[in-house]
Amino acid sequence: MDRYICIHGHFYQPPRENAWLESIEMQDSAYPYHDWNERVASECYAPNTASRILDGEGYITQIVNNYTKMSFDFGPTLLAWLEEKLPDVYQAVLDADKESRQNFSGHGSALAQAYNHIIMPLANRKDKYTQALWGIRDFEYRFGRKPEGMWLPETAVDLETLDILADLGIKFTILAPHQAHGTRQIGTGDWVETANSSVDPTMAYLMNLPSGRAINLFFYHGPISCSIAFEDLLNSGDNFAHQLLSVFSEERTWPQVVHIAADGETYGHHHRFGDMALAYAVDYITKNNLAQITNYGEYLEKHPPTHEVQIIENTSWSCSHGIERWRDDCGCNAGRNRKWKQAWRAPLREALDWLRDTLAPQYEEKAAQFLKEPWAARDEYIEVILDRSPENIEQFLTRHATHELSESEKVTALKLLELQRHAMLMYTSCGWFFDELSGIETVQIIQYAGRAVQLAQEIFGNDIEAQFLEYLERAKSNIRKHGDGRRIYGKFVKPAVVDLTKVAAHFSISSLFEDYGEHTKIYCYWVDIEDYQSFFAGRPRLEVGRVKVTSEITTESAVLSLGVLHFGDHNVNAGVREYQGEETYQQMVQEISQTFTSADFPEVIRLLDKHFGMSTYSLRSLFRDEQRKVIDSILESALSEIESAYHQVYEHYYPPMRFLAELGNPVPKAFNSAAEFILNSDLRRSLNVDTLEVEKIKSLLDEITTWNVELDTEGHSYLFQRALEKMIARLAETPDDIALLNNLVAATEMVDSLPFGLDVWRVQNLYHDILQTAHTGFKEKAEKGDESAKEWLTQFSVVGQQLKVRGA
């Protein structure tokens, strides 16, 4: 068959990790999920590992891993997050690449990606090379093979970037049709201009580079790719399949490949159930033998280019002005506010360029004291990023060091390399893509710049921050209260800055609310308790101690003394300083503890000031997730009192308000507010359990309908979903628990009548697992006349009907 179809998904999230903690902190805008990575993973990355194909009645007939049938690339920083947070999804992606090699003549479907999604044409050559190399090395570490292709962020391209890819052994990349300038048959002389995206997308092209190297290029089908991303083509898998097939033409004489490219998040996150449309379309085309599903590597091997191509440099797939979206107010934006301008883009890039170019020679000069070749060491530093074990760090430094490094020299060398890592992270493309300087994506890259600034000041002893802020001040926000880049840096970056002292402060305060062991990891820092003493005087509590804090990233460590006074509410006073020796430490412990036991709390505060000076901390000093948890704990009793008051209002005035409502009169707003608060709280409490009490939930839903209150639909849906998952997971562990099965029947029978949607993807997966395992044993018992087994099969079948899973 000479008709091929290849569907490419570009799966990517910008790195969202706090630059000092190496972990994503809570993002309220992703509610009810912890952060946007978690939300998008639930809506897209996970569903595509087990997507459903339905029959005409809406029942599941197949569960397929879409990644095995498509071409895809995953951002390295996203894969690192998946590996840690969702290892089952991560492994399914890796396994899909292995399976695709069996499906596609030995060619894996996964492509590499430039490391942290910088706009390559706007980078200097050193950064381009490192970004491509890190992307390749990360790929090899995860997929266990060399990548054949690499996705360029935003498909932004220039000749230098293509030359670097070719030099590093990359065979092909994918571009948008408007990025082709002209084509000609190999061996002929005349170029045919391909204006207005007129390049034929159904073949591969050879790009001969000025260096003498060459790389293969594919230009995806623009209209269908656009329909998938921005229109409603994914509403129907059947329509999707026929759109792809419609591109084939009998007039073409070569083996045609119809291929499309879109953000992978299109399949589930941007378009709910888009993963199912993809699964159906591929299955329909395959079953009916309408075309051969392929990937780029296989097609390229079977049908090498017969034509060569020239490109239009400094272009991309998501900016009609080339690459101006990432350096100027070109008019491209996300449309969040029509009145907003993006004039901030140019001064932001100028500020970061100044920072990069100022730090580069300083890095090179300083690093040469410790590393044989500073830039080669940076290129190889990806090996440390992928494995930060002490043994691997030691091996890396041994290979690259100019001499046997002392412990302090090792710390400096690692800080220098971290400075360079953050000097590239600060160029992540999403920082310019959206509309506002104070947006979370832009603040994120400014935070990475802030980390580079901090490291530079520690290493070089200069005040580069002041100069950097002068440049940053030229970037103006659209929101008056945020002012400009300098103010945004002060509001959102400076409070996030962490050093070893702040880690110790976090530890001292959070230890009031959480028990830590002698050796504790707090994000990317290790805390070792050397001495810790607690004193109580009723509700007030005093803790004094000495800890050693060590950075996992730079191996820097410090021994710190600390003291913290807690009055039993949100009032916390803490102090931290470097350990001054045992005599000074014991004097501090004795003075503060003796004063505390005499209940002279004002004097305790004075002594904290005496011993710790200005290094004082409060609940504001806690890292965000822990801060939220501690504040929730402190406010729990206050919220209980508020809820009790609302309950009294609701119950006392329920009869007259019900009578009023039955007469068709409007219910007073005050009562409606009380009802909304109470019913949402009660429902949330009823859903946040291991086993759902169905009748209680039904009663609450009836009351919610009666008063027509506004529901926290996303939050309740999330909790109901999690409760169902817990119940069916327990059934998988103890399948003979008939009471649990009956409860599960009652819970799933509610699903269609709920006033909010429900994602039962994981519940269906667990049901399917039980169907393949425990169900067989019960079926055999039932066939032998076991009545309890027959009852189990009946009830289990009911659950399957509610979940739309056949086979029981």
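Leaving out residues up to four places away in sequence, Ser 318 touches Glu 154, Arg 325, Trp 326 and Phe 433, where a contact means heavy atoms within 4.5 Å. The side chain of Ser 318 also makes a polar contact with the side chain of Glu 154, at 2.5 Å. Polar contact here means a pair of N or O atoms within 3.5 Å; within protein, one must be able to donate a hydrogen and the other to accept it, and residues adjacent in sequence count only if both atoms are side-chain atoms. As for location, Ser 318 sits in the loop between β14 and α10 (345–367). Helices (H or I, at least four residues) and strands (E, at least two) are DSSP runs, numbered from the N terminus.

A word on the source: this is a predicted model, in which local features need pLDDT of at least 70 and side-chain atom pairs count only at pLDDT 80 or more, while totals for chains, interfaces and linings use all residues. Residues are numbered from 1 along each chain as its sequence is written, and side-chain values use heavy atoms, with hydrogens and water left out.

**The mixed sheet.** Strand β14 belongs to an open sheet of six strands, in the order β7-β11-β10-β14-β8-β9, with mixed pairing. Two strands pair if DSSP finds at least two bridges between them. At the edges stand β7 (172–175) and β9 (192–193); each has a single partner strand, so one side of each is left without a neighbour in the sheet. Inside the order, β10 (residues 205–208) and β14 (residues 307–311) pair in the parallel sense over two bridges, and Tyr 205 stands opposite His 307 in β14. Helix α5 (residues 159–167) lies across β7, β10, β11 (214–219) and β14, and runs at about 115 degrees to β11. Axes are lines fitted to C-alpha atoms, for helices over the stretch in contact, and angles run from 0 to 180 degrees between N-to-C directions.

**The antiparallel sheet.** Another six strands form an open sheet in the order β15-β16-β17-β18-β19-β20, this time with antiparallel pairing. Its edge strands are β15 (519–522) and β20 (616–617), each pairing on one side only. β15 and β16 (residues 525–536) are joined by four bridges in the antiparallel sense, with Lys 521 opposite Trp 526 in β16. Two helices go with this sheet. α20 (residues 582–597) lies across β16, β17 (541–551), β18 (557–566) and β19 (572–578), at about 150 degrees to β17. α21 (residues 601–612) packs on the sheet and touches β18, β19 and β20, making about 165 degrees with the direction of β18.

Elsewhere, a cis peptide bond joins Tyr 31 and Pro 32, with omega about 10 degrees. Pro 32 lies in the loop between β1 (3–11) and α1 (36–45).

**Cores.** The largest nonpolar core has 191 residues, of which Ile 5, Tyr 45, Phe 74, Phe 240 and Phe 468 touch the most other members. A nonpolar core is a set of buried Ala, Val, Leu, Ile, Met, Phe, Trp, Tyr and Cys residues joined through side-chain atoms within 4.5 Å. Helix α16 (residues 440–460) gives the most to this core, with ten residues. A second, separate core of 53 residues includes Ile 728, Leu 731, Leu 754 and Val 799.

Back to Phe 240: apart from neighbours within four places in sequence, its contacts include Ile 7, Ile 228, Leu 233, Ile 260 and Tyr 267. Ile 228 is one of the buried residues of helix α6 (residues 222–230), together with Gly 222, Ile 224, Ser 225 and Ser 227. Among the elements covering those buried residues are α7 (237–245) and β12 (256–263).

**Cysteines.** A search of the whole structure finds zero disulfides, taking a disulfide as a pair of cysteine sulfur atoms within 2.5 Å. Cys 6 is in none, and its nearest cysteine sulfur, that of Cys 44, is 17 Å away. For Cys 44, the closest cysteine sulfur is in Cys 430, at 15 Å, too far for a bond. Cys 6 counts as buried at 1% relative accessibility, and Cys 44 counts as buried at 0%.

Key
Buried < 20%, exposed > 50% of the residue type's maximum accessible area, 1.4 Å probe, protein only.
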